[in-house]
Amino acid sequence: MDQDDQTPQSESASGSRLKSRSDPSAKRVSRACLHCRQRKSKCDLDSSGSPGVPPCQRCLRENRECVLGGSNRGGRRIRKNKMKNFTPSTDLAARIESLLDTTSPSTSDSRKNPPGAYSNPVVFVPPNPPATVSVSVDDGDTASIDSVPQNPSDAWQCLTGIAKRSADDPTPETHTDSMQSGPGGFPSLNAFQNPATAEYQSATGIRTYRLVQARSLDPGTVWQLVARYAKNFHPYLPLVPRKYFDRNALDAFANNEKHLLTAVLTIASKDLVDRPEIHEYCSKYMHELISGIAAGADCDVEAVEALLLLAEWEPQGLRPRIERVGRGEEDRAAWMHVGLALRSGYFLGLDRTSFRSDTSGNTETEARRRLAWTSCYISDRLISVRIGRAFWSRGPGPMTGLVSQDFPSLLPVNESDEDYAKIFQATLDLTQLYNNVHDVLYSGMRTSNQMMLMGDYVKYVDDFRLAILRWKSRWGSLPCSAPMRATLQLSYEYLRLYTNAFAFQAAISQSLVSKHKNNDQSQREHLRSTFNNVASMQDARFIYESVDAAKAYLTILVDEVHPEKHLHFMPLRYYLYGIYAAVFLYKARSFGVMPNSEETKVRNLVTRTTEVLKRASAGPDDIGARYARLLELLWQAKAPATVSPATTHHSDILVQSTLANRLPEQNAYVHFSPANDFSWLDLEAVGDFVSGDQIPGAGTMAFDAFQNPDLYQTQDRSLAWPLATWSGDMTNLLF
């Protein structure tokens, strides 16, 4: 506004307002030209001699076109959406082009800006304006709500869909290069934060993967680990889509499946002794991703698959501490990973794939989701069986009779390919038997004890034995490779052991009930005398079959599975099933079930098992070596009944001297309780027993003495190993 216009105009305006306020008869002028109305100043239309007719004094003085504006008074004004039913005209496009021409470098020097204007006017140019925008925001919002929300989650999903649709609309920010360059065309700040990764800022595919960006791994190493996983680990749990085992698909693998790719790299690098730093890098990133999932980060089915893979192998890099003797840490970690996978799967709606329905979506995606949820079901049942806990998943499982055709990604492509679909169906059927046995026999301590004492378990165990035999008759001759056949046989034998061991425990409970108010010594003698003649017992067939199943499992593990080529890459449950079988045989031996000749064979079988476990280990801290030490500590004790015949002619004094000079772990067997204070399914309690952690201050003296027997030469042997005693109700322990 010019200086000469400000004072007279403002004085005239103020005088007019004062006059209108003081003089009620004064009529307020409601008409003005567009220019004066825009300036919010009084418009004097009397300059032409005709009142109320343009031009006004200002437009006449500035030589402007004076256009009289209409009145906005009266009526109800509704503010409309400016973008509703908006169609850009050619006039607007021409005006935008003219404005852009004024700011272009080629013409900015030849043109002069008008007085009072900015040198570089800021103009909003909608990028790629649509030809016609006929749907308003309100229409889009109402269209997204196709049903009444039944809970807060449904309303949240509706709002999330609207927000995502709004985020997908083109905006100036999304079409700029702000992520690649800063103001003035300079590189962004992130490029200067880490000079080593500056060249990866504009990269795509595998070079955008975190471990490659940080230079922890290079693309070649990533592909080598993926190929190693596909060859050695993938057959035992084929969850990774086979398309990612092509080198050309590595970029898509890194872009779309970061959780799954990191799990693959972590598992494939867990036994690389020469390059331990690779496993460390992968484990740290995997730990970060798992923490994000637990914190509620956005994830898809590939995150569920990654958690299931980790639960099957449990890499050491994910645990903060590694014990020299196995104590069941892998079971605890697998329990948590499976639980997190189930929670995530429920949230993603994977449980709906258990029911066949005509879906209009992508059949490949639907099949992948069904395979992931079925694997969740299998992992949940098997981990619960291993550690004796209730199932996490109580929702709908694959009860609709899923068959191999329901998993097209596992079907063989060529005639020579492995039929993983049938192997998966056989595993699913066997898992259903595990589920039923656990639900009926091991549903709860009180229910199990009552069933043992009442004798109701007999009909259930017989029915389960028949169902297990039917499974073997159907799937026992399935044509497949040697390692896959071994996994099915091992799972079958352990199910036999798991089922018949319940009847063994029932026989123990019934025997103890008939022996009232006696000390531990008399109870031990009573149990040994009872089981000394198993053939005369009512549950003899169950006891014999449980012992036979445990021995059969260890025999397959020793004779039919190659330690370095096959067992080394198998999921950890096949290691732990073998440990359970060896602990079961140890506890069965304490009841006098085995004669001396059979006990010697069993001891040799356990010794061979420990050798196989050591050979299958990549190092002294690997799972096989750690649990081999556990079995050695547990089985190196000898029972009094196993004294060799050559020493039977010695005098009683010599026998007493021999017992007094036993190793402490042998003395622990002499004072060994029939219940042993640990269940054969509780590896942590077994570790406490062999390491002496049951008594405060005992620490790991037993293990130190096992590593260095010379320690017994300088200290009292009677104090080196705590004696395992037991007090309480034996019926509360599943032996």
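Biologist: How much space lies in the largest cavity?

Modeller: A cavity is a set of points on a 1 Å grid over the protein atoms alone, where a 1.4 Å probe fits but cannot get out. Points are joined across faces, edges and corners, and the volume is the space filled by probe spheres set on them. Here, the largest cavity holds about 260 Å³. The structure has 8 cavities of 30 Å³ or more. This is a predicted model: local features need pLDDT of at least 70, side-chain atom pairs count only at pLDDT 80 or more, and totals for chains, interfaces and linings use all residues. Residues are numbered from 1 along each chain as its sequence is written, and side-chain values use heavy atoms, without hydrogens and water.

Biologist: Which residues line the largest cavity closest to its centre?

Modeller: Lining residues have an atom within 4 Å of a point. There are 20 of them here, and Tyr236, Leu237, Phe424, Thr427 and Arg573 come closest to the centre.

Biologist: Which elements give two or more residues to that lining?

Modeller: Helices are DSSP runs (H or I, at least four residues), numbered from the N terminus. Those here are H15 (363–387), H16 (420–441), H19 (482–513) and H22 (572–590). H16 gives the largest share, 5 residues.

Biologist: How does the lining divide by class?

Modeller: Ala, Val, Leu, Ile, Met, Phe, Trp, Tyr, Cys and Pro count as nonpolar, Asp, Glu, Lys and Arg as charged, and the others, Gly among them, as polar. The largest cavity has 13 nonpolar, 5 polar and 2 charged lining residues.

Biologist: At what angle do H15 and H16 pack?

Modeller: Axes are lines fitted to C-alpha atoms over the stretch in contact, and angles run from 0 to 180 degrees between N-to-C directions. H15 and H16 pack at about 40°, with axes 9 Å apart.

Biologist: How do H17 and H19 cross?

Modeller: The axes of H17 (residues 445–454) and H19 come within 9 Å and cross at roughly 70°. That makes H17 roughly perpendicular to H19. By class, this contact has 6 nonpolar, 4 polar and no charged residues.

Terms used. 1 Å grid on protein atoms, 1.4 Å probe; cavity = no way out; pocket = protein on both sides within 12 Å on 5 of 7 lines; lining within 4 Å. Parallel < 35°, antiparallel > 145°, perpendicular 65-115°, else oblique.
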